[in-house]
Amino acid sequence: MNPTNGKDNKYLYLSPGLSLSIDFSGNLIFSPKISIGIYQNKNFVNMTFGYVSTVTGEDYSYYYIEPQYGFLSDPSEIKKLQLFYGIGLGVAYLYSGKENKFVLKNSLFGGFGLFLNTSYLFDEAEKSDIGLQLVFPIPLEKDYFDWKM
């Protein structure tokens, strides 16, 4: 089974990831995450759980949960390159010494293994960031790998 071949395939996966990004105030942000999802016929849906924290600059952090949907592109004519694209919409729990609150969060991403990622929090401060995210999807199906030549 090969996720890029477009054949009728379906599998459950677990996908850990790490992200480094910069928000539009210039703060460096670190974010680990874990997703569990289903991939079928070049489409995926997953639930992502993550934590975001500034490394430099303004001090803020939040936890989030975000359902995501995406798809695998058709191969390009030139390099036969395929990329995953997706969108997420979820909820973030912001906490600080002053105030704790829930806000909406969305994200857009694209890539294959290494993703360009952007996110936006619907808050009075309107926190947005853009960066790179490294993910490692792990199939949870025991017969995913076909070792026959």
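Trainee: Is Phe 102 buried or exposed?
Mentor: In this predicted model, Phe 102 has a relative accessible area of 62%. The exposed class begins over 50%. Phe 102 is therefore exposed.

Trainee: Which class of pair do the rings of Tyr 93 and Phe 102 form?
Mentor: The two ring centres, of Tyr 93 and Phe 102, are 4.9 Å apart, and the planes meet at 45°. Stacked requires under 30 degrees and edge-to-face over 60, so an angle in between has the remaining label. The pair of Tyr 93 and Phe 102 is tilted.

Trainee: How many residues apart in sequence are the parts tied together by Phe 44 and Phe 84?
Mentor: The structure holds 14 aromatic pairs. One of them joins Phe 44 and Phe 84 edge-to-face, with 6.0 Å centre to centre and 70° between the planes. Phe 44 belongs to strand E3 (residues 43–54) and Phe 84 to strand E5 (residues 84–95), so the parts tied together are separated in sequence by 40 residues.

Trainee: Is Phe 44 buried or exposed?
Mentor: Phe 44 belongs to one aromatic cluster, whose members include Tyr 11, Phe 84 and Phe 109. The relative accessible area of Phe 44 is 7%. Buried means under 20%, so Phe 44 is buried.

Trainee: Which lysine has its charged end over the ring of Tyr 64?
Mentor: Two such arrangements may be considered. The charged end of Lys 127 sits over the ring of Tyr 60, 4.8 Å from the centre. Over the ring of Tyr 64, at 4.4 Å from its centre, sits the charged end of Lys 105.

How values were computed. Residues are numbered from 1 along each chain as its sequence is written. This is a predicted model: local features need pLDDT of at least 70, side-chain atom pairs count only at pLDDT 80 or more; totals for chains, interfaces and linings use all residues. Side-chain values use heavy atoms; hydrogens and water are left out. Rings of Phe, Tyr and Trp (its six-membered ring) pair if their centres lie within 6.5 Å; planes under 30 degrees apart count as stacked, over 60 as edge-to-face and the rest as tilted. Helices (H or I, at least four residues) and strands (E, at least two) are DSSP runs, numbered from the N terminus. Buried means under 20% relative accessible area, exposed over 50%, partly exposed in between (1.4 Å probe, protein chains only). A charge sits over a ring if NZ of Lys or CZ of Arg is within 6 Å of the ring centre and within 35 degrees of the ring normal.
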